[in-house]
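These are my notebook entries on one protein chain. I set out to look up its pockets, its domains and a few points of backbone geometry.

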Amino acid sequence: MATVLVVEDDDYVRSAIIQELSRRQHAVRSAGRALDALREIAQNPPDAVILDLGLPDLDGSEALKMVRSISSVPVIVATARDNEAEIVRLLEAGADDYLVKPFSGDHLNARLDAVLRRARAVTPPSVLRISGLTVDLNRREATVNGVPLTLTRREFDLLAYLAARADRVVSRKELLTEVWQQSYGDDQTIDVHLSWLRRKLGESASAPRYLHTVRGVGVMLITPL
């Protein structure tokens with residue numbers, strides 16, 4: 001059994017999907033708007049999301065990007081759009097799978113089971129602990145020696161990305177691509193955010209504890225001795 005969030009504004013379609021998933025013993029929550037879905041994912045993370053693209057407040061493709069900025073939850077896009085280029089774009093934007101409407105209950109459950117198997121096989125820990133640093137990915141909270149850090153969204157994303165790869169050098173290009181979602185950009189943006197993050201961690205570039213710059217290569221969050 002899994003907890004599934006169904007994001008669909010059509011009452012009839014939403015009811016049919018909920019009925020089918022409930023029949024398979026899944027716990028189902030639903031939302032009819034993208035912003036309601038994002039709030040639900042942030043506050044009560046589900047095991048998987050079925051995301052319609054034709055939402056009233058925000059196009060589903062934009063909603064997908066916002067989901068990916070806060071969560072790695074498996075997302076199956078449910079769409080009436082069967083254009084191959086559009087489907088490829090959605091998969092590249094972070095969708096784990098897609099279903100073209102109309103689809104059968106059996107088809108839906110087969111795709112859901114597949115993404116859940118993949119997610120459970122590679123699910124990283126939701127709480128990262130590196131010496132006195134704790135990063136809770138689901139709650140989007142971080143503490144140092146039990147003291148909460150007040151971080152912006154980007155600062156948390158940067159810290160979480162580096163913490164998940166502790167003791168490995170991460171290149172600036174990788175940070176731009178994975179944290180900023182940009183294929184190119186100014187290294188100064190990274191330097192500024194690293195400076196702010198260091199200050200909040202109680203360190204500096206000249207006297208680092210967690211964040212170490214590897215000149216000409218990138219940044220590494222190390223486990224202090």
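**Entry 1: the second largest pocket**

I looked up the second largest pocket and found a volume of about 180 Å³. The model is predicted, so I note that local features need pLDDT of at least 70, that side-chain atom pairs count only at pLDDT 80 or more, and that totals for chains, interfaces and linings use all residues. Residues are numbered from 1 along each chain as its sequence is written, and side-chain values use heavy atoms, without hydrogens or water.

For my own reference, a pocket is an open set of points on a 1 Å grid over the protein atoms alone, where a 1.4 Å probe fits and protein lies on both sides within 12 Å along at least five of seven lines; lining residues have an atom within 4 Å of a point. A volume is the space filled by probe spheres set on the points, which are joined across faces, edges and corners.

I listed the lining of this second pocket as Tyr-12, Val-13, Ala-16, Ile-17, Glu-20, Lys-101, Pro-102, Phe-103, Ser-104, Gly-105 and Leu-108. Helix H1 (11-23) and H5 are the elements that give it two or more residues (helices are DSSP runs of H or I with at least four residues, strands are runs of E with at least two, numbered from the N terminus). H1 gives the most, with five residues. By class I recorded seven nonpolar, two polar and two charged residues (Ala, Val, Leu, Ile, Met, Phe, Trp, Tyr, Cys and Pro count as nonpolar, Asp, Glu, Lys and Arg as charged, and the others, Gly among them, as polar).

The peptide bond from Lys-101 to Pro-102 is cis, with omega near -5 degrees. Pro-102 is placed in the loop between strand S5 (97-100) and H5. In general, most peptide bonds are trans.

**Entry 2: the largest pocket and the domains**

Where does the largest pocket lie? Domain 1 (3-122) and domain 2 (127-221) both give residues to its lining, so the pocket lies between them; the bounds come from an automatic or database domain assignment. I noted a volume of about 1600 Å³ and a lining of 43 residues, with Arg-68, Ile-70, Ser-71, Ser-72 and Val-73 nearest the centre. Helices H2 (34-43), H3 (60-70), H5 (105-122) and H6 (153-163) each supply at least two lining residues. The class count is 22 nonpolar, eight polar and 13 charged.

The C-alpha centres of the two domains lie 30 Å apart. Four residues of domain 1 are in contact with four of domain 2 (contact means heavy atoms within 4.5 Å).

**Entry 3: a positive phi**

I recorded Arg-140 with phi near 55 degrees, a positive value in a residue other than glycine. Arg-140 is in the loop between strand S7 (133-136) and strand S8 (141-144).
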